[in-house]
Amino acid sequence: MSFLSVTGLTRRFGAERVLDGATLAVDEGETLAVLGRSGSGKTTLLRIVAGLDTADPGGPGQAAGSVVLAGRALDGLPPEARGAVYLSQEPLLFPHLDVRGNVGFGLRVQGVPRAEADARVDAMLRELDLAPHAAKRADQLSGGQRQRVAFGRALAVRPRLLLLDEPFGALDAGTRTQMQGLFQRVARAHGITALFVTHDLKEALVVGDRFARIDAGRLVTYATRAAFAADAATGVADEVAFWTSLGEDAP
Amino acid sequence: MTARRLPAGLFAALVVAACAAPFAVLALLSVADGWTFSAPWLTAWRLGRWREALAGDLASSTALSVALSLAVALASTAGGLATGRAVARCRHRRAWLWMAYLPFASSPVVLSVGLVVWWIRAGWAGTLGGVALAQLVFGYAYGVVFFASFWTPRLLAYGDLVRTLGGSAVQALRLGAWPVARSAAALCLAQTFLLSWFQYGLTLVVGQGRVSTLPVRVFAYVGEADAGLAAVASLVLVGPPLAMLWLNRRLLRVGMGDGG
């Protein structure tokens, strides 16, 4: 059985069906990259898994959707009881806290003993190369550093599942590439299970172990990277053709 | 030929002098025992007037005004913060906001004449509680309008973040949204305080002359042609708002940075 199983999630806003029976499965320690354009329903999917939004209840002849994480049904549980941390495009650092305070914020909220929290924060600061910036505030950091702090804050609480909603979308190309590499390295080191949604094809290919595509609320999952690349709707073939036409390797 | 410009320092001094001049005249009037037309300067001094005034009704009116304005400001800010959040999340946001603007569609005196009928029926007219409730109509509406635009999706996202990091709904407000919102709350507190503090017509109509706040007292002194006492009361009237503005400025300074 998969570590994360999402089955038949549907969400309507008025007459608009934003999510249409979304079903996916992710094994422990894997990252599922979900490719989708703006407004395709990917944020709604993550918010429902996080418990920040609710899926529509089932109707006559239609079962309600469900989310199961590590063998436990999450339906009806509040966000704080799910063990899934949601990271958005904006790092949302607390302006009244320094980097250390931000990284340790979740531990403080969870009431982790001070000594243990300090040790975990120190380790996270070292791992993410943030130790020299520990005393800085958000407005003294670059965009990449802010996103690293947000990443560290999420990892410090040791979530069962990380939900990443275009986390590097606001960064410049170079920093974005750096952050993708950092995510890969840290995700592997910590055995993180993640749902990573992005509209960037290259980013999806770099960070994903498994792949899915969402379009107008409909989620399509792929068994392999090759199957993802072979589907014309993902745009991989177009990308390869473009770079080939320039006489260069595809990125 | 180039136009001559006023030096910045001189210009600033002129602005400060223009702003301070009315208060300087008030200060002089408050210690004058005689300043008859057309004498260019005080003809007699009466330094004891401040002590006499503050030992009398003025002190109780000042205390009443401070308590009333603080209560109205606190209730308006807290109510506005909570209601503004609900309005910001609501699908019919524009309709609710339109309603919040309604108290400002007519003059406070006109509205208070309308309100007083209901207040009399409820037995609230002429009472301090009744005046506070009437002022809350404006203060609360102002708080809702102020915070409806303040609760941006970004600020709401702070609360969501705290929830997924393991915090309860209360912690999401206390630890997530509040640290970011407190500068704005201080600003709203100061502004609703001022809204209540300078309220004259509404207080007079709803209070029916029985609730003697500081603005009511100032106008009474003016009506009695007691220029000295009116000057003392007027100067006292500007004291707490200046203190509030100063405090507000300090809070804003130490408040928000860029949360990224």
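This is a predicted model: local features need pLDDT of at least 70, side-chain atom pairs count only at pLDDT 80 or more; totals for chains, interfaces and linings use all residues.
**Conventions.** I number residues from 1 along each chain as its sequence is written, and letter chains from A in the order in which they are written. Local features need pLDDT of at least 70 and side-chain atom pairs pLDDT 80 or more, while totals for chains, interfaces and linings use all residues, and side-chain values use heavy atoms, without hydrogens and water.

**Helices 5 and 6, chain A.** I took helices as DSSP runs (H or I, at least four residues), numbered from the N terminus. The axes of helix 5 (residues 143–156) and helix 6 (residues 173–190) of chain A come within 10 Å and cross at roughly 20°; axes are lines fitted to C-alpha atoms over the stretch in contact, with angles from 0 to 180 degrees between N-to-C directions. The two helices are therefore roughly parallel (angles under 35 degrees). On the helix 5 side of the contact (heavy atoms within 4.5 Å) I listed G144(A), Q147(A), R148(A), F151(A) and L155(A). Helix 6 of chain A supplies T175(A), M179(A), L182(A), F183(A) and V186(A).

**Helix 1, chain A.** I looked up the cover of helix 1 (residues 42–50) of chain A and found 7 of its 9 residues buried (under 20% relative accessible area, 1.4 Å probe, protein chains only; exposed is over 50%, partly exposed in between). K42(A) and L45(A) are among them. Just after this helix, G51(A) takes a positive phi of about 90°.

**Cysteines.** I counted 0 disulfides over all chains (pairs of cysteine sulfur atoms within 2.5 Å). For C188(B), the nearest cysteine sulfur, that of C90(B), is 20 Å away. C188(B) is buried at 0% relative accessible area, whereas C19(B) is exposed at 51%.

Terms used
Angles under 35 degrees count as roughly parallel, over 145 as roughly antiparallel, 65 to 115 as roughly perpendicular and the rest as oblique.
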